[in-house]
Amino acid sequence: MPIEPARLSFTEDGTPCSTAFGDVYHSRDGGLEQARHVFIAGDDLPERWRRRERFTIVETGFGLGLNFLATWAAWRDDPQRCGRLHFVSVERHPFRRADLATLHARWPALAPLAAELQAQWPVLMPGMHRLHLNGGRVILTLMLGDALELLPQLQCRADAFYLDGFSPATNPELWSAELLRELPRLAAPGATLATWSVSGAVRRALGEIGFRCEKGAGFGGKREMLRARFDAPDSAPAGDSPRHALVLGAGLAGSSIANRLAERGWSVEVVDAAPGPGAGASGNLSGVLRPLPSLDDNRLARITRAGALYGLRHLQRLSELGLPVRWDACGVLHLARDPAHEEKQRRVVEAAQAPDDFLRFVDREQATELAGWPVAQGGWWFPGGGWVNPPSLCAANLAAFPQRIRCHYGRGVAALEQGPAGWRALDAGGQTIAAAPVAILANGTGIRQFPQAAALPVRSARGQVSHLPALPGSAPRVVVCRLGYVSPEIDGVRCAGATFSVDDDDPAQRLADHRENLAKLNFILPGFASGLDPAQLDGRVGFRPASPDRLPMIGAIPSILQAERGTPLASIPRQPDLHAVEGFGARGLVWAALAAELLASELAGDPLPLERPLVDALDPARYLLRPPRRAVAEE
């Protein structure tokens with residue numbers, strides 16, 4: 001369902017309220033004080049997070065974000081705080097950024113934290129949005145949409161719960177037995193719960209699912225509040241995370257997973273046969289970062305949306321750190337193929353009801369103005385999309401944590417072996433290049449040489465990009481796509497293409513492919529390629545790892561080659577401590593950052609940044625349950 005933002009409204013005494021639910025967002029006696037008394041003190045914080053590596057809080061009802069800001073402030077001010085604070089919250093009607101700024105101005109003591117939250121406030125689209133704050137040590141995962149749909153799709157181990165929906169009388173879904181039954185699945189042993197509601201129905205429902213409830217002194221005009229504890233045996237695997245990984249590949253996949261693990265304090269060994277990062281399939285001058293919407297908002301649409309939005313935030317963070325990643329959110333214009341496709345694109349935008357800063361439909365005249373060149377059809381306009389120079393992104397990922405990431409360039413891996421101490425990458429002479437308890441294969445098509453990855457149907461897709469001479473400031477100044485793409489000018493060169501040829505191992509540039517790219521260019525921008533001689537063009541050939549269903553493969557690698565249909569993914573045997581970040585195809589820039597965050601979260605035991613059905617859709621073991629189809633061409 002599309003997201004309907006909350007409307008800024010106040011009661012006569014100035015308390016923020018919801019017109020949709022007819023209730024106030026916090027006590028009239030003070031919102032910040034309520035957050036501290038009911039939720040922070042009610043969950044025995046900060047005592048319970050002290051001297052821990054990670055602490056996770058799950059909240060129902062983000063509202064103004066006041067509970068989050070108060071918790072963040074308490075964590076920041078505690079010298080014995082945990083290493084990383086995860087805060088997961090669901091909200092059906094989030095506020096727009098400008099309205100949040102108006103509301104947060106009421107609490108000047110929280111101004112620096114509120115400003116950082118507002119700066120990263122996500123596009124209001126359905127699904128999960130992960131924000132890294134406080135230098136990556138405070139992680140806010142916002143689930144925008146219906147709690148009854150999203151909480152069952154959340155995977156995490158919550159140490160504390162904040163139940164803070166509107167009152168059971170006005171918003172019964174957030175207090176329903178159906179929703180509360182999700183809490184034991186999410187709860188870590190000894191998890192606590194706090195809420196201002198002492199409804200008998202809520203207390204009975206919590207008691208039936210294993211929470212021991214007790215009433216305490218309420219806040220302000222409310223006489224009582226509720227505290228609870230979940231007592232259950234610990235079902236988590238014994239032992240601490242090894243926090244040391246071996247990553248094969250220094251392209252988008254490998255550099256991204258190294259970056260995400262290093263921010264969590266892991267030591268990472270990165271091995272690549274090339275002399276530097278981003279030299280293989282990730283070596284193009286530019287690539288496109290944009291989602292791929294659909295009328296039914298299918299898995300591909302949801303994952304590309306999540307990947308593009310997370311990827312943009314990741315680029316912004318790297319730039320804020322002063323790392324020289326080259327990119328530009330100039331916007332992406334995705335033109336329709338024909339009138340029928342144009343009408344479908346229009347219907348997709350109408351159904352999505354997306355904010356204008358994420359997606360809007362433009363007619364032919366508007367598209368012509370955006371492109372700076374006459375075009376044949378209208379289409380989708382993604383204002384936040386753009387181009388990225390992949391090699392610079394790879395280098396920035398690795399340079400962000402120089403003390404934790406060690407790169408072994410110019411070292412080809414001939415074999416991968418597991419021993420008592422973990423995985424070893426061996427060269428052709430049998431010498432160890434690097435070793436670690438956990439190994440991650442992120443080396444593109446090179447994964448096919450390792451017998452341990454035999455279950456993964458990775459195909460090689462040859463792609464040739466043509467480089468066109470271009471003057472600074474010349475059109476188009478945005479990325480334009482239409483069964484191909486053309487980039488703005490970058491260092492006097494414009495990229496156009498690309499071809500997509502599966503199981504084609506020719507490394508040389510081909511005249512026929514340059515002709516094909518120019519034909520695509522003329523289809524995108526009629527007449528643009530006039531006067532360009534394909535025989536005089538330079539370009540680049542790369543070999544992209546493609547998957548049969550156009551989705552990447554993220555997670556533990558299966559140790560068997562087939563399984564019976566209907567077998568739960570969790571029951572499929574895996575190679576011990578061997579994982580893959582693979583199958584990006586032509587969408588490496590869309591997938592890389594989010595895929596790495598997903599795997600790093602799984603390895604570290606953090607809340608996952610995607611809904612469970614989408615995580616399953618990326619599981620490398622999915623191919624064991626159905627015969628893989630041939631990889632298809634990607635636009």
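**Aromatic contacts in a predicted model**

Trp373 is partly exposed, with a relative accessible area of 26% (buried means under 20%, exposed over 50% and partly exposed in between, with a 1.4 Å probe and protein chains only). This is a predicted model, in which local features need pLDDT of at least 70 and side-chain atom pairs count only at pLDDT 80 or more, while totals for chains, interfaces and linings use all residues. Residues are numbered from 1 along each chain as its sequence is written, and side-chain values use heavy atoms, leaving out hydrogens and water.

**View A. The tilted pair of Phe211 and Phe230.** The structure holds 16 aromatic pairs (ring centres of Phe, Tyr or the six-membered ring of Trp within 6.5 Å; planes under 30 degrees apart are stacked, over 60 edge-to-face, the rest tilted). In the pair of Phe211 and Phe230, the centres are 5.0 Å apart, with 45° between the planes. Phe211 lies in strand S9 (residues 211–217) and Phe230 in strand S10 (residues 224–230), so the pair ties together parts 19 residues apart in sequence (strands are DSSP runs of E, at least two residues; helices are runs of H or I, at least four; both are numbered from the N terminus). Both Phe211 and Phe230 are buried.

**View B. The edge-to-face pair of Trp373 and Phe528.** The ring centres of Trp373 and Phe528 are 4.8 Å apart and their planes stand at 70°, so the pair is edge-to-face. Phe528 is buried, with a relative accessible area of 15%.

**View C. Arg482 over the face of Phe523.** Arg482 lies at 3.8 Å from the ring centre of Phe523 (NZ of Lys or CZ of Arg within 6 Å of the ring centre and within 35 degrees of the ring normal).
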